[in-house]
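Here is a short briefing on a predicted model. It covers a helix pair, a domain arrangement and a chain interface.

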Amino acid sequence: MKKRIGKSRLGKPSIISEISFYLILGMFCAACIIPFIFVVIISFSSESSIREIGYSFSPQEWSASAYEYVFQLGDQLWRSYFNSFFVTIVGTASSLLMTIMYSYALFRKDFKFRNFFTFFAFFTTLFGGGLAPTFMVCKQLLHLSNNYAALIVPALISPFNIIIMRTFFTTSIPEELIEAASIDGSGEYKTLFKIIIPIAKPGIATVGLLTALSYWSEWFLAMLYIKDSKYIPLQYLLMKMQNQADFLFKNASVIGVEASKMLRDLPSASLRMALVVFIVVPIAFAYPFFQRYIISGLTIGSVKG
Amino acid sequence: MKKILALLLVACMIIGTLTACSKDSTSGGQGNGGSASAATNGRPEDHVTLKMYFHGSNVSDDTQVLAKVNEYLDEKLNVTLEPIWGTWGDFDNNAVLAINGGDDVDIYFTCSWSADEYNLFAKRGAWVRLDNPENNLLEKYGKDVWSLLPEVLTNGAKIEGSDGFGVYAVPGYKDIACQLCWDINVPLLEKYGYTVDDIKNTDYYGFGEILAKVKAGEGENFFPLLIEGAVAERMVDNSIIVAGDSGATNLLSYYINPVKTSDKGAYGDVILNKFATDEYKKYVTKTREYYLAGYIDPGLANAEQANNLRSEKQLTGQYLIGTQSYSLGYETQASAERGFEVAFVGTTPAYVDTTSSQGAMMAISTASKNPERAMMFLNLLNTDPYLFTLLDYGVEGIHYTKNDIGEVEFIEDARAKYSPWTNGMGNVTLLPPQKGQGADFWTKFKAYYGAADQIPILGFTFNSDNVSNELAAVANAAAEYALTLSVGAVDPETVLPAFLKKLDDNGMQKIVDEANAQLKNFLANK
């Protein structure tokens, strides 16, 4: 960062630039929020309206039938909803613990294999194992199939989060603090959990939010490893409906008569949108919870990458 | 330190490449007689579990069915079946991963249109060659099913694979022929003084008068012509899909003979650019005329909604003439579903093409530890009515009941939790007929499909590997234009030339040339 050159430039931007910045930001906000509003509107549109005029901001007729249908899904819906919450909460907690411990070790200058383990984590961002080998290791070696572990373990560690976390430690924790702690007789674990973690809360919250988001919107793992409907998260339930509709639509000509019948039995577009609403709302509520940490957390990346 | 890291990196990369290449090489030496003690008849001594991967299923509770199935299988073959119920949405991805990953799945669904494509994966060595001269599983354990299948299927299954020319999967006996039909709303047609014969005696270009009369009578918001653009084009032009063509929007056409489908069509044994023929131009021009006259719903030009709109209008009878791919007995089923009389008028006789002859098959994976037992199981599944009915329809009394003449009526709630995809399971002729089909349904079925002619290029599958870049680019261009053109929503006078130019710019000719070179080669070897 450059040193500030003159106060006048920073004091007050001209009105024109202020207006244009607000306009740009406003447009950006609109671009983020409008699709979601659109989804909500579609979920409340009646089927016949969608058929007649397609997706529209002002449907011919409103209807809550999609939501009625969602509630009739019954057990599977609540089971999947529970799974999503369970995986997100347990996954985020254990992933945070792993990330903190890994990055704390990398942060400590007196750790002998620091460089090696930094590289070890970094390497995987450059060269992934590829889908088929990963699948083989997870399924055949680790037996991650049809259990909650299959939804949590493969996403436990993210090199990106480790790097953020480590950077946060290096910028916000003076080494003297650790020395002082050890002089006062604090063991390694006590130093980490009683001294470092309370200081690093903003960073942990940022990484925690990122992790929670990725666990919450994860459906690919479920597709790969979950066959038993007991463990299906809500996101994959939705994805399944979407994939089936797409596939049947594409292959209707080869599957023939049966395809049109099966397409008819599939949940409607408004139902799928209703499920999207179900998926988005809880995670949207997580933001305010993390927000007070986020603002201080966000500056981490800008100071040191 | 840096040097060591660099070395490590190189080592990782080399190991990665090596393991990726050597994956399949272990799978060649199958059939080592693991269960050689198995006698051809009678129950083998050692117990094995077979995993079988199905497509298109909608199964959330299979416990009752599997209890019965496994009780029966234990007694017959000393086998426990563990089905994997793949769905339309996840099969393509997961089955391919399971095959590439060498999962311990014994039997896979495969066909000419799924991602674990029969021909391709046979070449890659994923399937056990069933009539391998060294260990002829088909001869030893599969005689019953093989003798019962029609020749179209047994011939269609013989392909070039990793162990030479032979059979790599057991074809399912299902609706093996393809026929596209005009879907007629009979009560409405008769209301305006016409009969189904009037449709039979004319063709697409002669529908104008009937359509005009019905449109005038039913009013502004009624659209009598309910066509699926691509299907209608094939029906009118007598062109068919070339197996292996781009899936989303077909680009290639092969013209069949509309009177006798085993004879050569208008262009002979040549594959053409679908959009560049005179027939195509004539079709889109006429369709544009119908569109402008208000016979076609503009909603049909919207790819997102066209399919829903079409099935909804079919169900509620908001059409006069529609398009439908037909399977035997569908008129009864459709009439019952829609609540009015529906008739189907074919534009060609039923014919067998590659897609329909390799439409559903069961292949034994080279990763299977018990290929012999898997073959015994496939043989039993495809010949034993009790087992097949149990696995497909469920348990009598729980999932379905039978009426006086032996037709099956499903119990909706239970069936909703257990609905495998019937046509993907094997020999559907073993099943009792469903309600409304009539007791002699399968006799009619065998007669109808047995009489179907084979098209001259049966067995040919276009391999687009050499032109995959061009194919993707051209398919994109086609996705932009083809649907709107084929339902008449845009003016072919201006749009068609622009479309054709775009196709040419993206290398359409190269694809057509490649396809014809392959076809020539195929016909020479046949």
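Helix 5 of chain A passes helix 9 of chain A in a right-handed crossing. In this predicted model, helix 5 spans residues 75-107 and helix 9 spans residues 159-172. Their axes lie 8 Å apart, at an angle of about 50 degrees. The two helices are therefore oblique to each other.

**Helix 5 and helix 9 of chain A**
- Helix 5 makes the contact through A:Thr99, A:Ile100, A:Tyr102, A:Ser103, A:Tyr104, A:Leu106 and A:Phe107.
- Helix 9 contributes A:Asn161, A:Ile162, A:Met165, A:Arg166, A:Phe169 and A:Thr170.
- By class, this contact has eight nonpolar, four polar and one charged residues.

**Domains of chain A**
- The domain assignment gives domain 1 (14-63) and domain 2 (72-303).
- Their centres, taken over C-alpha atoms, are 29 Å apart.
- Eight residues of domain 1 are in contact with eight residues of domain 2.
- On the domain 1 side, helix 2 (15-43) and helix 3 (47-53) each give two or more residues.
- Helix 2 gives the most to that side, with five residues.
- That side of domain 1 has five nonpolar, two polar and one charged residues.

**Chain A against chain B**
- The interface puts 30 residues of chain A in contact with 36 residues of chain B.
- On the chain A side, helix 6 (114-126), helix 7 (131-141), helix 13 (220-225), helix 14 (234-255) and helix 15 (257-265) each supply at least two residues.
- Helix 14 of chain A provides the largest share of that side, 10 residues.
- The chain A side has 14 nonpolar, nine polar and seven charged residues.

Technical notes:
Residues are numbered from 1 along each chain as its sequence is written. Chains are lettered from A and ligands numbered from 1 in the order in which they are written. This is a predicted model: local features need pLDDT of at least 70, side-chain atom pairs count only at pLDDT 80 or more; totals for chains, interfaces and linings use all residues. Two residues are in contact if their C-beta atoms, placed from the backbone, lie within 7 Å. Helices (H or I, at least four residues) and strands (E, at least two) are DSSP runs, numbered from the N terminus. Ala, Val, Leu, Ile, Met, Phe, Trp, Tyr, Cys and Pro count as nonpolar, Asp, Glu, Lys and Arg as charged, and the others, Gly among them, as polar. Axes are lines fitted to C-alpha atoms, for helices over the stretch in contact, and angles run from 0 to 180 degrees between N-to-C directions. Angles under 35 degrees count as roughly parallel, over 145 as roughly antiparallel, 65 to 115 as roughly perpendicular and the rest as oblique. A crossing is left-handed if the near helix is turned anticlockwise from the far one by less than a right angle, and right-handed if clockwise. Domain bounds come from an automatic or database domain assignment.
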